Amino acid sequence: MEMQLPPHEGAELSVVDMHTGGEPLRVILSGYPEVKGDSVLSKRRYVREHLDHLRRVLMFEPRGHYDMYGALIVDSELPKADLGVLFMHNEGYSTMCGHAVIALGRFAVDYKLVKEPQSPETQVNIHCPCGLVKAFVEYCDGKTGGVRFLSVPAFAFATDVTVTVEGFGDVVVDISYGGAFYAFVNAQRFGLDVTKSRTRDLVDAATAVTNAVKSQVKLHHPTSDDLAFLYGTILTDGKDNYSSDATANVCVFAEAQVDRSPTGSGVTARVALQYHKGLIQLNQTRMFQSGATGSQFTGKAVEETKCGDFKAVVVEVAGRAFYTGVSRFVQEPEDELTHGFLLK
Ligand SMILES: O=C(O)[C@H]1NCC[C@@H]1O
């Protein structure tokens, strides 16, 4: 049987689906109108204000699901960038996404968004809303492989901050930035284990922390107000002292969305925090494991730098992404659920 749709009306959107450590990435190939704005950050504002219906179509059911994640490739204003990208999820548009950068690195080489690929690694400069991220894609005999990236300067924003969390009382959290801000807490504080507890219990605790930090701590970022918001909470196994063993964490971000991967921007922020606390040295590679799927990324601080007045580090994260398929979606005008819906 031919893989063709019967005659139909309505808009079409085509995508390539990938995953990195189990976390989906839907890369949008076509179907979006021009995204206006003279910078990636202003384009992020533009899609939020004018094109949000398309995020719902591609992220929500029946084409996506509660935990779907997407990437829209846009032009960048930076001469050094090979591409710009906007990230989307169940609640809106994030500023950084490591699992997406790992997948997009491969995608950019395979779909020829960079000039001549080089072996053993091809560099792809990806302009994310948080800034320029440099990805290095293994490339051999015409095939792409693992990806490592150097993120924007990452820094510990505040440590040992006490917040009052509904249902749990006073909780001490650390807040760190890895292209997006996260709160970090040892899951033990809630009697939970990031690798064994029910996902729902981890989500409830992490969401309560996120709500508390959002309402009780004012964040700021030295370069842009657009970056100054809490993206999520990462519950950890507390194994922050350097070890050759992996340390596990679960990231709950956006609207109680659960990352299946170890979270690239979360690993970046966590390494910055560990470095700030003197628990890891420059170029000491640590393994980070997703409590959700067991998938792993490596992370290491490679250089000291500054971000405004914050002492910061450049963090390198590495992982692997895979293709899962391609889809051509349609929106039939008679379909009353065509705009998308979510079940909580
Ligand atoms: O790997 C990351 O950084 C992302 N994964 C989903 C949530 C974060 O944006």
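The lining of the largest cavity is made up of 6 nonpolar, 6 polar and 2 charged residues, where Asp, Glu, Lys and Arg count as charged, Ala, Val, Leu, Ile, Met, Phe, Trp, Tyr, Cys and Pro as nonpolar, and the others, Gly among them, as polar. This is a predicted model, with local features needing pLDDT of at least 70 and side-chain atom pairs pLDDT 80 or more, while totals for chains, interfaces and linings use all residues. Residues are numbered from 1 along each chain as its sequence is written, and side-chain values use heavy atoms, without hydrogens and water.

The structure has 1 cavity of 30 Å³ or more. A cavity here is a set of points on a 1 Å grid over the protein atoms alone where a 1.4 Å probe fits but cannot get out, and lining residues have an atom within 4 Å of a point.

Now the cysteines. There are 0 disulfides, meaning pairs of cysteine sulfur atoms within 2.5 Å. For C251, the nearest cysteine sulfur is that of C97, 9.3 Å away. Why does C251 count as buried? Because its relative accessibility is 0%, and buried means under 20% relative accessible area with a 1.4 Å probe, protein chains only. C307 is also buried, at 7%.

How values were computed. On a 1 Å grid over the protein atoms alone, a cavity is a set of points where a 1.4 Å probe fits but cannot get out, and a pocket is an open set with protein on both sides within 12 Å along at least five of seven lines; lining residues have an atom within 4 Å of a point. Grid points are joined across faces, edges and corners, and a volume is the space filled by probe spheres set on the points. Buried means under 20% relative accessible area, exposed over 50%, partly exposed in between (1.4 Å probe, protein chains only).
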